[in-house]
Amino acid sequence: MNGAVPDLTVTGLALAFVPAAIVIGIMYLWRAKATQATYATLRMLVQLLLVGYVLVFIFETNNWLVVAGVLSLMLVIASWIATRTLAARTPQSYINALIANLVGGVATLVFVTQAVIDIQPWFNPRYVVPLAGMTIAGSMTAISLAAERYEAEVGHGVEAAEARRIAFGACMIPMVNSLFAVGLVSLPGMMTGQILSGVSPLIAAQYQIVVMTMWFGATGISAALFLTLQKKD
């Protein structure tokens, strides 16, 4: 199997924005937060181009402190984004999100990279950083959904324990749907990337299983911990 991935030309990259431009055009016609979507699209472009250059440096480093710094920055930003859905955003809610991301996301990441995949050296950025991105992002989304739903339920007079149960079930819906759909409806990014780079589909599937179980565990643990801590506020 040819492992070469075709290089994207500037024209090809520009053409990739055509479907997005159509959607943004519809949003402008229908006055459906088109400005926000335009800003988000441009921000995505700049962020990914910048991170591409940064990752070249990170992947070549042999210093665990650099990797630790990257993971710390991910945690700080993810915890801030996770609490943005709260109407009453407090320092304590941010700390709760940070703890939940740390325990659910990072602890799961360490377990998978060291016990399951056995990455050597343990801080190898080519593996740790992309897996950390997937894990912490999943935890962030679960916490964000759980926080919004929990606050809404409590605001409607639902008792805290029941609100926590409802919020946890709701925030896990996207993850459970992903487990149902993977392989039948969708081929996730990591598996697709490996196949495009020439890896055997069977090996790509095995690694995707690891990623899905890691993602499921990280999101569930993080959301449950956040809701437990948030209940005490």
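A contact means heavy atoms within 4.5 Å. This is a predicted model, in which local features need pLDDT of at least 70 and side-chain atom pairs count only at pLDDT 80 or more, while totals for chains, interfaces and linings use all residues. Residues are numbered from 1 along each chain as its sequence is written, and side-chain values use heavy atoms, with hydrogens and water left out.

**Exercise 1.** State what share of the contacts with a separation of 6 or more joins residues 24 or more positions apart.

Solution. Take the contacts in the protein with a separation of 6 or more; residues 24 or more positions apart account for 71% of them.

**Exercise 2.** Describe the elements of the protein and judge how compact the chain is.

Solution. Step 1: count ten helices and zero strands, where helices (H or I, at least four residues) and strands (E, at least two) are DSSP runs numbered from the N terminus. Step 2: the radius of gyration is 19 Å, close to the 17 Å from the globule rule for 233 residues, so the protein is as compact as a globular protein of that length. This radius is taken over C-alpha atoms, and the rule is 2.2 Å times the number of residues to the power 0.38.

**Exercise 3.** Locate R31 and K33, then decide whether each is buried or exposed.

Solution. Step 1: R31 is found in the loop between α2 (18-29) and α3 (34-60), and K33 lies in the loop between α2 and α3. Step 2: apply the cut-offs, with buried under 20% relative accessible area, exposed over 50% and partly exposed in between (1.4 Å probe, protein chains only). Step 3: R31 has 79% relative accessibility and counts as exposed; K33, at 64%, counts as exposed.
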